[in-house]
Amino acid sequence: MPSLPLRLIVTALLPVFLFEAVLCLDAYSEEVELHANTEAARRVAIEQHAQRKSYAAKIATSRSEIQQVKLSLVPIEAMQKELRSQLAELKKEIVEAQKQSEAAKKELDAKVKLQEEAKEEVEAAKLAAEVAKKEFETREAAVKKIQNSIAEANKKVDELAAASMKQMVALMSLEEEVKKASAKLQEFKKLEASQWQQVRKLAIQHKNWVSFSDEIAPILQKRCLACHNESKPRGQLKFDSYAQMLHGGESGELFDFESPGLSTLVTMIEDGSMPKEDDPLSPEQISLITRWVALGAQYDSQLDPGTSLIEVMSRPTYPLPPEAYPYPVPVEAVAIHADGKRVVSSGYHEILVWSMESGEILDRISGFPERIYSLKFQGDSNILAVGAGTPGEVGEVIIVDLASSKKVNHLHVSPSIITCLIFSSDQKQLAVGGADGQIHIFDGQTWAKTQSIHAHSDWVTDVCFSPDGSKLVSASRDKTAKVFNLSTGENIIAFNGHGNVVNAVRFMASGNEVVSGGDDRRIRVWSIADAKEIRNVAGFAGIVSAMELLSDGKLATTSTDKKLRLHAAADSKVEKTRVGPVGELLSLGVSDTFVVTGSLNGELHLWLVTEEKPVRTWFAKPEAVSKPPVSNP
């Protein structure tokens, strides 16, 4: 019968179903318990947060009172000072009055004596004695009056001292209150932090955790920072870093842990008031931010909370370049290795290594932002500093070991592209400039950042160390070139002679003069002592795009008029003009005997210093038969 096997099957499977049901029930119970534990921990954290805010408010009130007491002491101290000054003057007066009184007494004694000695002039002497007596009495009265004034002043001084002491006691009492409240504040801070850590632990276990570094910072960086930053803080709200976010803005604090959905940050992104004049955040992004606030708006990076968002975020993963370029890309950066055998050029999301002898590609190192803007070798080594960026998104400085084709240090990240970099002549320092107008100095051995300078109002287009490494000169789109003392970071002098964008700058061999070139189609030599122009060289039919000093002191320049020029060391006048490229020249690299230039149309040109025409010209364009790109983290 067919029903019998069915019953048997059901009977056989029933224990399995029951077992799985129990497992599901257990899993559900565990999930419910985990959620309840997370919520309980969150409620305790909120209570601790409220306590901490209460004590913080109490401290703020006490500190305000302390300030008022201190302010009240100011006029008292001023009055005391004035009275002490008056007392000093009165004491001087009494000394003088006493001297005059003593003189009057002596005169009185003399008159009395005269009266006794001159009987015939008794009446006259008596009259004189009476006059002297009155003078003495007048002086005595003056002394008494001054003494009374001194007594009155002393009394006021004592009263003021008593008032001052009373205020000082009140001040000490308030400071003691602040001390106690601060201790309580620290206690609740620790308790709150511990509780939020518990919330974090449970949220991770519950797979409900939201990471500031990985999930929130990228949203804020891309959608909020443009309008809420240090230089343009709309509503006095700054998103440059987590620490600045905690200060809130004109609308108050950003976070409400009790009611996350009512947090200023959440309501502003929900009603579309932020981002202003841009597409609203997606429902998923709003939900993510709301959940992050509900979990305590915690900061989970190992870096200092004052670190910029772009540095806190996980490094972006860049796409691989195409195996073969469909068309050449502009060569914005080139460098010649000290071995005289290799040239490195910028590519699309990669750097390209070429044979100087054959023009064939030797290596492709990928994993970079879209464009490479600057390439510099560290002396004779295989260490290559790469300045790169994806416009509007990210800028990076990456250190590459050409021997292993590996990145050895992701040195610096910025929301703006890195436009230029250079090593000092002793290779111990690396200077970096970017589109954010900032300059950063790094130690060439430890790669630690040693200094940051923000003195330009527009892109920094070029940088160069003085021969002794004590100074730095920079060029900028703000139409200036500036010299800095690196021991202090102070801007020593600014040169405004170009009146246009300055693209390239180098210290002359003496270290006392600078040569710069730009959109005004001239190179100008000027003194760092007074920023006075010493000489200039015209004759460029395009903007000066790059310049380098050769080992013999001569200067090489490129221009968008498609010419490479060699200038005399003595007066910078053009000695030789190299013509030959088809495209406008953008970049320049030099060695003792060779010069390499990169052009807008994607060509590389290799020149011998002694030759009129390029030794070799080829497109910096990987073909399908070349070494394919590989992922290189």
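Helices, labelled H, are DSSP runs of H or I that span at least four residues, and they are numbered from the N terminus. The views below all show a predicted model.

View 1. Ser-263 sits in the loop that runs between H4 and helix H5, the latter covering residues 264-270. Ser-263 counts as buried because its relative accessibility is 1%, and the cut-off for a buried residue is under 20%. The side chain of Ser-263 reaches the backbone nitrogen of Asp-256 at a distance of 2.7 Å. When neighbours within four places in sequence are left aside, the residues in contact with Ser-263 are Leu-254, Phe-255, Asp-256 and Val-293.

View 2. Met-274 and Pro-275 are joined by a cis peptide bond, for which omega is about 5°. Pro-275 belongs to the loop between H5 and H6.

**View 3. Helix H3 and the helices it packs against.** Helix H3 is made up of residues 212-223, and its buried residues are Phe-212, Ser-213, Ile-216, Ala-217, Ile-219, Leu-220, Gln-221 and Arg-223. These buried residues pack against helix H4 (242-245), helix H6 (283-294) and helix H7 (309-312). At the start of H3, the backbone nitrogen of Ser-213 has a side-chain oxygen of Ser-211 within 3.4 Å. Phe-212, one of the buried residues of H3, also takes part in a cluster of aromatic rings, in which ring pairs link it with Trp-196, Tyr-242, Phe-255, Phe-257, Trp-292 and Tyr-299.

**View 4. The largest pocket and its lining.** The space in the largest pocket amounts to about 1,500 Å³. Its lining consists of 50 residues, of which Gln-221, Leu-225, Ser-414, Pro-415 and Ser-416 are the closest to the centre of the pocket. Two or more lining residues come from each of H3, H7, strand S7 (394-401), strand S8 (406-414), strand S11 (438-443) and strand S12 (449-454). Strand S8 provides the largest share, with 5 residues. Sorted by class, the lining of the largest pocket holds 18 nonpolar, 21 polar and 11 charged residues.

**View 5. The second largest pocket and the strands that line it.** About 1,100 Å³ of space is found in the second largest pocket. It is lined by 37 residues, and those closest to its centre are Ile-422, Gln-427, Glu-548, Leu-549 and Val-590. At least two residues of this lining are supplied by each of strand S1 (334-336), strand S5 (371-377), strand S9 (418-423), strand S13 (460-465), strand S17 (502-507), strand S21 (544-549) and strand S25 (585-590). The classes represented in the lining of the second largest pocket are 19 nonpolar, 12 polar and 6 charged residues.

**View 6. The aromatic pair of Phe-423 and Trp-447.** The count of aromatic pairs in the model comes to 10. Among them, Phe-423 and Trp-447 form an edge-to-face pair, with 6.4 Å from centre to centre and 65° between the planes. This pair links distant parts of the chain, since Phe-423 lies in strand S9 whereas Trp-447 lies in the loop between S11 and S12, 24 residues apart. Phe-423 counts as buried at 8% relative accessibility, and Trp-447 likewise counts as buried, at 14%.

View 7. Asp-363 is found in strand S4, which spans residues 361-366, while Ser-405 is placed in the loop between S7 and S8. In its backbone, Ser-405 has a phi near 60°, which is a positive value in a residue other than glycine.

View 8. Lys-479 lies in the loop between strand S14 (471-476) and S15, and although it is not a glycine, its phi is positive, at about 75°. With a relative accessibility of 42%, Lys-479 counts as partly exposed. Gly-489 is placed in the loop between strand S15 (481-485) and strand S16 (490-495), and it too is partly exposed, its relative accessible area being 24%. Not counting residues up to four places away in sequence, Gly-489 touches Gln-451 and Phe-484.

Terms used: Residues numbered from 1 in each chain as written. Predicted model: local features only at pLDDT ≥ 70, side-chain atom pairs only at ≥ 80, totals over all residues. Heavy atoms only, no water. Buried < 20%, exposed > 50% of the residue type's maximum accessible area, 1.4 Å probe, protein only. Contact = heavy atoms within 4.5 Å. Polar contact = N/O pair within 3.5 Å; in protein donor to acceptor, adjacent residues only side chain to side chain. 1 Å grid on protein atoms, 1.4 Å probe; cavity = no way out; pocket = protein on both sides within 12 Å on 5 of 7 lines; lining within 4 Å. Points joined across faces, edges and corners; volume = space filled by probe spheres on them. Nonpolar A, V, L, I, M, F, W, Y, C, P; charged D, E, K, R; others polar. Phe/Tyr/Trp six-rings, centres within 6.5 Å; stacked < 30°, edge-to-face > 60°.
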